[in-house]
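Hi,

Here is the structure you asked about. My notes follow below it.

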Amino acid sequence: MCSLTISSGRRWDGSPAAPRHLRALRVAADSPSRLLRTAQPSRCRDCGNRIDWYSRTDHRPISLHPQELAAAAVPVSCRWHVDSGIAHAAGDGTRWCRIPHLVLCPAHQPTEPLTPQLAELRRRLALRTRRLLDTGAFTPPAPSDPPVAEVSVCRPARPVVQILYGRYLAARPVDDIQCVAQTRRRRRCPHRVLAAEGPAGVWRLMPATAARGQLALPAADMAVYDLTHLPYAEQLRWRTQRCPAHVAAPAAADLALADWEVFDPLLHHQHIHARLPAAAPGRRDWP
Ligand SMILES: [Zn+2]
Ligand SMILES: [Zn+2]
């Protein structure tokens, strides 16, 4: 019997066996994005259709329709392009462009009149949503669902968080926000941003205005998870959505975009809660 072992450094036919090195992808130090894959494929939570998440030049996320479209069919104000992994709100002068999913999303009213091509594309997305609903592959969220509001009294599903004097809407409950960094096993880090040790935020009632002061609502106070008393580096850790271990490993790439949305009291009014979350046993981030 001939052995297939390569422990001698040679293949079975005597040719030298090159040792296999796993090559790690790295993020260049001057890369504007820390993501290994610039587009983060996902599905629209309102209509179930495919979207790609990108970072914009101001680091806020935007979901684009996954395919390029002929620029001639897209109003100038809706044209985007992607350069070095960053989405830019303009065409790039070619015959093709990208378009924000929100322009096409069948779960929302179009923000402006659609060209016939875009209307047809939106109709196709609506049909796909119907198919996903029919097969049970997609369940749309119910924004005014009372159970969500009740649950949120003790654990807001999408808390408003104050970091570095900006106010953000989190995508998940405070103790469920996941680190975006990539582990050595090339998976997304399973750890939470809220560390088991060290300082945490404090729930406070704060005026229901945008932190940048662009709008004052008649509503008095709302519950905000306030991190502004923490050291600057700690607030930056929350903003970049990394666990303590991955702040100590800045070379690690990101596998997902931080999913903070800049809080807008009008857009996000259903996430405004006038009462502080009830204390949860064993959870020390609740005051
Ligand atoms: Zn959608
Ligand atoms: Zn981590």
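Helices here are DSSP runs of H or I with at least four residues, and strands are runs of E with at least two, numbered from the N terminus. On that count, the chain has five helices and twelve strands. Keep in mind that this is a predicted model.

The overall picture: the chain has 287 residues, and 24% of them count as buried. Take the contacts with a separation of 6 or more. Residues 24 or more positions apart account for 60% of those.

Now the sheet. Five strands form an open sheet with mixed pairing. The order is β10-β11-β8-β9-β12. β10 (202–207) and β12 (261–262) are at the edges. Each has a single partner strand, so one side of each lacks a neighbour in the sheet. β8 and β11 run parallel and are joined by two bridges. Gln-162 has Asp-226 in β11 as its bridge partner.

Next, the nonpolar cores. The largest has 25 residues. Those that touch the most other members are Val-160, Val-161, Tyr-168, Ala-170, Cys-179 and Tyr-225. β8 (160–163) and β11 (221–226) each supply at least two residues of this core. β11 gives the most, with four.

Look at Val-161 in particular. Leaving out residues up to four places away in sequence, Val-161 touches Tyr-168, Ala-170, Tyr-225 and Leu-227.

There is also a second, separate core, with 18 residues. Cys-44, Cys-47, Ala-87 and Cys-105 are among them. As a general point, nonpolar side chains tend to be buried together in soluble globular proteins.

Best wishes

Key: Residues are numbered from 1 along each chain as its sequence is written. Chains are lettered from A and ligands numbered from 1 in the order in which they are written. This is a predicted model: local features need pLDDT of at least 70, side-chain atom pairs count only at pLDDT 80 or more; totals for chains, interfaces and linings use all residues. A nonpolar core is a set of buried Ala, Val, Leu, Ile, Met, Phe, Trp, Tyr and Cys residues joined through C-beta atoms within 7 Å. A residue is buried if 20 or more other C-beta atoms lie within 10 Å of its own, exposed if 12 or fewer, and partly exposed in between; C-beta atoms are placed from the backbone. Two residues are in contact if their C-beta atoms, placed from the backbone, lie within 7 Å. Two strands pair if DSSP finds at least two bridges between them.
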